[in-house]
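Visitor: I have a new chain open on my screen. Can you walk me through it?
Guide: Happy to. Here it is.

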Amino acid sequence: MADKDDYESSLTLRQMKIEDFEGFSRLYERCFPGMSPWEREHIESQIETFPEGQFVIEYEGSIV
């Protein structure tokens, strides 16, 4: 049986960048079906205005 250490070693916490937009959008649509996802301009604005507060977590190269 896997324990938390197996997963933690594969997780990466990092600041979001605009290149994450597609992955972010896919995750948003999965988590909030029926809601309109943020537009690219919204993400660009958040990253520009509050760069220190925009994070993503990756697991095996995918945003989770």
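**A walk through the chain**

Guide: Let's start at the end: Val64 sits in the segment after E3.

Visitor: Is Val64 buried or exposed?
Guide: Val64 counts as exposed, because its relative accessibility is 54%.

Visitor: Which strands supply at least two residues each?
Guide: E1 and E2 do.

Visitor: Before I go on, how far can I trust this?
Guide: The model is predicted. Mean pLDDT over the chain is 88, and 89% of the residues score at least 70.

Visitor: Where is confidence lowest, and where is it highest?
Guide: Lowest in helix H1, residues 4-8, with a mean of 64. Highest in helix H3, residues 40-49, at 94.

Visitor: OK, the overall layout. How many helices and strands?
Guide: The chain has 3 helices and 3 strands. Going from the N terminus, the order is α-β-α-α-β-β.

Visitor: And how are the strands arranged in the sheet?
Guide: They form an open sheet in the order E1-E2-E3, with antiparallel pairing. E1 (11-15) and E3 (62-63) are at the edges; each has a single partner strand, so one side of each lacks a neighbour in the sheet.

Visitor: How many bridges hold E1 to E2?
Guide: They pair over 5 bridges, in the antiparallel sense. Thr12 is opposite Glu58 in E2. Leu13 has Ile57 as its bridge partner there. Leu13 and Ile57 also belong to the nonpolar patch.

Visitor: And E2 to E3?
Guide: 2 bridges, again with the strands running antiparallel. Glu58 is opposite Ile63 in E3.

Visitor: Why does Val56 count as buried?
Guide: Because its relative accessibility is 5%, and the cut-off for buried is under 20%.

Visitor: What does Val56 touch?
Guide: Beyond its neighbours within four places in sequence, Val56 contacts Thr12, Leu13, Arg14, Met16, Asp20 and Ile63. Take Met16: it is 40 residues from Val56 in sequence, yet their C-alpha atoms are 5.5 Å apart.

Visitor: Switching to the helices. Which residues of H2 are buried?
Guide: H2 covers residues 21-31, and Phe21, Gly23, Ser25 and Tyr28 are buried there.

Visitor: What covers them?
Guide: The cover includes H3 and E3.

Visitor: Last one. How much of the whole chain is buried?
Guide: Buried residues make up 20% of the 64. The chain exposes about 5,100 Å², with carbon and sulfur atoms supplying 53% of that area.

How values were computed. Residues numbered from 1 in each chain as written. Predicted model: local features only at pLDDT ≥ 70, side-chain atom pairs only at ≥ 80, totals over all residues. Heavy atoms only, no water. Pairing = 2+ DSSP bridges. Helix = DSSP H or I, 4+ residues; strand = E, 2+ residues; numbered from the N terminus. pLDDT = per-residue confidence, 0-100. Patch = residues over 30% accessible without salt bridge, like charges linked within 9 Å, V, L, I, M, F, W, Y side chains within 5 Å. Areas by Shrake-Rupley, 256 points an atom, 1.4 Å probe, with all protein chains shown as cover. Salt bridge = Lys/Arg side-chain N within 4 Å of Asp/Glu carboxyl O. Buried < 20%, exposed > 50% of the residue type's maximum accessible area, 1.4 Å probe, protein only. Contact = heavy atoms within 4.5 Å.
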